[in-house]
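Thanks for taking a look at this one with me.

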Amino acid sequence: MSFSPIKLEIYRGLLTALCEEMGEKLRRVSFSPNIRERQDFSCALFSDKGEMVAQAAHIPVHLGSMGLAVTEAVKGLQSSLRSGDVLITNDPFQGGTHLPDITLISPIFLPGRKRPTFYIATRAHHVDVGGDAPGSMPLSNHISSEGIYIRPTKLVTAGKINQRLITSLAKQVRLPTEFKADLNSQLAANKNGEQRLTDIIHKYGVRELCRYVNHLLDYEERLTRAVIRGIPDGSYSFADQLDDDGFSNEPVHIALQLEISGERAIFDFSASSDETQGPVNATRSIVWTCITYVMRCLMHATLESPTLSLRPISLITKKPSVVDATFPCPVAGGNVETSQRIVDVILGALAQALPKEIPAASCGSMNNIALGGRDPFRKRPFAYYETIGGGMGAAADTPGLSGVHTHMTNTLNTPIEVIEAEHPLRVTEYSLRHGSGGQGRHRGGLGICREFEFLCATEVTLLTERRRQASYGLAGGKAGKPGRNYLVRSGRRRLLPSKVNLRVKTGDRIRMETPGGGGFGKSD
Amino acid sequence: MPRHQSFTECLKIGVDTGGTFTDLVVIQGQTIRHHKVRSTPHNPAEAVVRGLRELVGRTPIDQLIHGSTVATNALLERKGAQVAFITTNGFQDLIAIGRQNRQELYSFIGATKPTLLKRQNQFTVDERISYQGRVLKALTANKVKALLQELKQNKRVDAYAICLLSAYANSRHEKILQRALNQLGKPISISSEILPEYREYERAVATLLNAYLSPVMRDYLDSLDKSVNSRQLHIMQSNGGVISAARAQEEAIRTLLSGPAGGVAGAAAVAQQLGLGKIISFDMGGTSTDLCLIDGAVPTTSTNSVDGIPVSLPMIPIHTIGAGGGSIAWVDPGGALQVGPHSAGAYPGPACYGRGEQMTITDAHLYLNRLHGQGLLGGTMPLNKDKARAPLRKLAATLKVSMRSCAEGILAIANAHMENAIRVISTQKGYDPREFTLVSFGGCGSLHACEIAKSLGIPQVLVPNNPGTLSAFGMAISPWRRDYSQTVLLKTAKNLTAKHIQKRFQQLYKKAHADIRREGEVPKDLSFAESVDVRFQGQAYEINVPFSTGFIRSFKQKHQQHYGFIHKSQAIEVVTLRLTARGRQQLFQPDFPMRLKKSIARPFDQRSLKYDKRDYTIRYYERDELPPGTRLKGPVVVCEYSATTFVPPGFKLRVDPGGNLWISMS
């Protein structure tokens, strides 16, 4: 089927703008800083088969997995779908990631068609979805402790919102007002996308739109194939590990056998560890997301918002395993910690094929700290969640950046002056961790030292990685320095494990030293 | 239209330094004159001086208002001063860490631009202030002495930047350091003066940037001041107002978007004269397009960034995209046609300039007869159509389409990019573009404006007189303006009344009056505007509303309008107070008629045009040969010295008594 290369680009721009507009709507209408300031959300348009047609460039960890959520959610409800319906799900085991990420899916029906032709979806990280700890990322051994678990169901039926469902969900979370406001903003964003799609259909006609959606999917496939073609044929294997699962001291292995032949790639993760008791299990959709992220980094740098096609890529996982988690194992950290290690493993394998293009391992952890309690000064409960950056891996021609978020996240920090004005906390140090970058021709980026002083008794959860196993160097470059967590009490430092739940006293400090990136090349 | 006494006497000149040209606009009484000279990037003052000499000879100038790119370029090229940065112990890497995010999401390599601050130029002092402004750790005389010793050893530093934690709440320690460092004889920027607002990184980077840019600005303005005979030298700021050159040397950060701000000010002034309240200013040049939506007054916001660095000072919100006449067309690995973001720039420029070999937007216009081959700038810059054909043929062959559809495709894609950009500043922000007029200027704007307007449902396009020097005009008529702010973090409760907030405003008034005294010549008819940044407690973003006893109600209304909801029971927090002092907006109504060469419009040339698969004859007119009252039907091209306007079939053009072009659908 022939197409106009000009119209193709115009449709790509139009549909991408549609997704960006949805994202802007979601950001503006939402309440929680997590969505509005940290921009932890994504918006995309899918074909009737659940293939992503267009997306807005938001946060890497969502992209690539939303299509699975669409196909899985629709599977059971296909025959009952009507125009004006909106589905809700956060089921990690059906295309989801972890419970705080809630996805809303709107099927789009064209006149005279019984089945949806498109799907519009938004996914947003809600600040709290209940469970054992504020922020819904506890150190637990069962998904039921991680928050409300929503299997795919109709939130809106033929335009009518199921208020009872919203009320019953809101009852189970810590910040019901924010939760409802953020769900409403997702609904508004979906509606906005639907409206823009209707406008486009009016302006350009259904037939041409549908034709060009197919052309776009083929175009995205060609782009993806071009990326794979650029990787030399061969079989590349690499393995790395997580420090532990927070329950035992045993490392958790992630292993990849990557086969490249011509324009096809097979990612085989089946030699990875079994499911773990603690919450470092990743769902299969997270693995897809990591693959999508790496492939997209390899794409033409000047393309502004290309979407990746999954068609030329196969993924093999063993079910159940740490990279293909099943109900009811805990998954809270799969999204934030295991995803980083999966990227490290993919890059480690690709480095053998593309030694000049692939950087050494980055920090490899989002260094999560969540805390809360009762603020005696402001006389109210408080909760605070932060992820801390680290060192970026060095590359063939540049040193790694210092003190940044790498790979699967890019959220902003909370300013110190905001933390201190809002919470019973004082930040006593926030600096680069000198000496933490792996040595080499180019040095790995430096990690961060961050020290909090508590002004009252506080519950603290740390969910961190790369405290034992360092971020690897490449081409003779040395590994970065692993991270460290300390409790400082009466001037004495006590080393803490990578994942821990503890209660601290007034005057105590928690000191986190995040990992440095790996170095690249032998030092002269 | 009332005429102002002050205007009839003084000689006022607006000067806009651009990448290729330096534009000058002279206003004397009710007359206005325009001039353009080639820019001299090695020393921008040279072109300014030459332009002035050619324009007014040795006549003394009353007021020279300059839009300077000196600060912008020093930042973009990382050619600012060596700065020593001083902060609280434990936070020496404040600037290096920033907000800990990376610029590019999908790149294995981080930033490639050099940093503004060298590690050996980071210094700390052992002190600490709480968020309430309480001293937790005192800054003793010994600590100050030790710091001075350290700083004295570092001789290669040109300026100092001081930003201590929580200095927005208590500036005492910063002031102590400032006094102590004065003996070192170099400029000092302190955060509690540059940006007394909370969020330490934004405040620190603003202070650092100011210290980084000010010495460069000082050198430039010193040399300009010596060679120009002007009673007053004023500099355009990013907020749409002007300040004295003396002040601009100290606060160079406020001039970062000097040039684009002039364009918006010019568009807004023209709109005001013509009674248009709602406009979208559309300034398309050779490498980029600047867009700004104006609904009533020219807006300013404090959440801006320049070259990836946050600049949290009030600025006109200008949305820039990388689409300009020089944008290069190429085919991506998936087989789709792409336009930009790379540009052929002024050198080598579009293929038709005769030096480059890449197909650009300008080449497509020329090939399709939307640009006349006689060339640009009154024929001093001829265009070579044959040179444009070669890369077009190659591109069309790759895409397997005709040369015509390839050229049309390039323009369609460029238009689509710009339409999407206009949606970002309008529909995405809750504005309906159908209520606005597109004010088109810059060298390329009016080649695209009609088609973009049609696609977005914008009912009319205005091409003002002398679109190529609109920025310089905007500068010449911009009023004096200064902004003051102070973070206060006040939770509203029963005991917090408007009176209480009013009291806190007094310190801002004190600063403002001190400044006005320093300005030497006191600006006439000063007015003050108070506003507050307000949010629901717990929110990360604030909304700015004018301050009055009913400010909470207006906050809730604005919140409802922007975000679609309000929190009935949530407490409200006043985060930052803002005070703007400004002189009166100067009205200018030039005397007409203009000197016209002809009384009836006659085309100087005509050619065939294929448009939407139909054949037309396109007529070319010189703009200064279009008398007021002229009405023409598209397809028509209007050529003038620094811009070209394309009126497609289906559009009609009208010339108003002031010589402005109005274009709308037939």
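Where is the place of A:Gly438 in chain A?

1. A glycine in a loop of chain A. A:Gly438 sits in the loop that runs between strand E14 (425-433) and strand E15 (447-454) of chain A. Please keep in mind, here and below, that this is a predicted model. With a relative accessible area of 1%, A:Gly438 is buried. Setting aside residues up to four places away in sequence, A:Gly438 touches A:Arg443, A:Gly444, A:Lys478, A:Ala479, A:Gly480, A:Gly517, A:Gly518 and A:Gly519.

2. A glycine in a loop of chain B. For another loop glycine, turn to B:Gly457, found between helix H14 (442-456) and strand E21 (460-463) of chain B. The C-alpha atoms of B:Gly457 and B:Leu117 are separated by 48 Å, and the two residues are 340 residues apart along the chain.

3. Helices H1 and H5 of chain A. Now for some helix packing. Helix H1 (residues 5-29) and helix H5 (residues 176-204) of chain A pack with their axes 8 Å apart, at an angle of about 155°. H1(A) and H5(A) are therefore roughly antiparallel to each other, and H1(A) passes H5(A) in a right-handed crossing. On the H1(A) side, the contact is made by A:Tyr11, A:Leu14, A:Leu15, A:Leu18, A:Glu21, A:Met22, A:Lys25, A:Leu26 and A:Val29. From H5(A), the residues taking part include A:Ala188, A:Ala189, A:Asn192, A:Gly193, A:Arg196, A:Leu197 and A:Ile200. By class, this contact of H1(A) with H5(A) has twelve nonpolar, five polar and three charged residues.

4. Helices H7 and H8 of chain A. How do H7(A) and H8(A) lie to each other? The axes of helix H7 (residues 284-298) and helix H8 (residues 332-353) of chain A come within 9 Å and cross at roughly 50°, so H7(A) and H8(A) are oblique to each other. H7(A) passes H8(A) in a right-handed crossing. H7(A) brings A:Ile286, A:Val287, A:Cys290, A:Ile291, A:Tyr293, A:Val294 and A:Leu298 to the contact. Among the residues on the H8(A) side are A:Gly334, A:Asn335, A:Ser339, A:Ile342 and A:Val343. The residues of this contact of H7(A) with H8(A) divide into twelve nonpolar, three polar and no charged.

5. Cis peptide bonds. There is one to look up in each chain. In chain A, the peptide bond from A:Phe327 to A:Pro328 is cis, with omega near 0°. A:Pro328 lies in the loop between strand E11 (313-316) and H8. In chain B, a cis peptide bond with omega of about 0° joins B:Gly340 and B:Pro341, and B:Pro341 is found in strand E19 (residues 337-343).

6. Positive phi angles. A:His407 is a residue other than glycine with a positive phi, near 45°. A:His407 is placed in the loop between strand E13 (380-387) and helix H9 (416-422) of chain A, and is buried, with a relative accessible area of 6%. B:Asp612 also has a positive phi, near 50°. B:Asp612 belongs to the loop between strand E26 (605-611) and strand E27 (614-622) of chain B, and is exposed, with a relative accessible area of 63%.

7. A valine in helix H10 of chain B. B:Val270 is placed in helix H10 (residues 258-273) of chain B, and at 7% relative accessibility B:Val270 counts as buried. Leaving aside neighbours within four places in sequence, B:Val270 is in contact with B:Leu462, B:Pro464, B:Leu470 and B:Phe473. B:Val270 and B:Asn465 are 195 residues apart in sequence, and 9.0 Å apart in space from C-alpha to C-alpha.

8. Cysteines. How many disulfides does a search of the whole structure find? Over all chains, the search finds zero. Take B:Cys292, which is buried at a relative accessible area of 1%: the closest cysteine sulfur, in B:Cys444, is 20 Å from the sulfur of B:Cys292, too far for a bond. B:Cys163 is buried too, with a relative accessible area of 0%.

Note on methods. Residues numbered from 1 in each chain as written. Chains lettered and ligands numbered in written order. Predicted model: local features only at pLDDT ≥ 70, side-chain atom pairs only at ≥ 80, totals over all residues. Heavy atoms only, no water. Disulfide = S-S within 2.5 Å. Buried < 20%, exposed > 50% of the residue type's maximum accessible area, 1.4 Å probe, protein only. Axes fitted to C-alpha atoms, helices over the stretch in contact; angles between N-to-C directions. Helix = DSSP H or I, 4+ residues; strand = E, 2+ residues; numbered from the N terminus. Parallel < 35°, antiparallel > 145°, perpendicular 65-115°, else oblique. Left-handed = near helix turned anticlockwise from the far one by under 90°. Contact = heavy atoms within 4.5 Å. Nonpolar A, V, L, I, M, F, W, Y, C, P; charged D, E, K, R; others polar.
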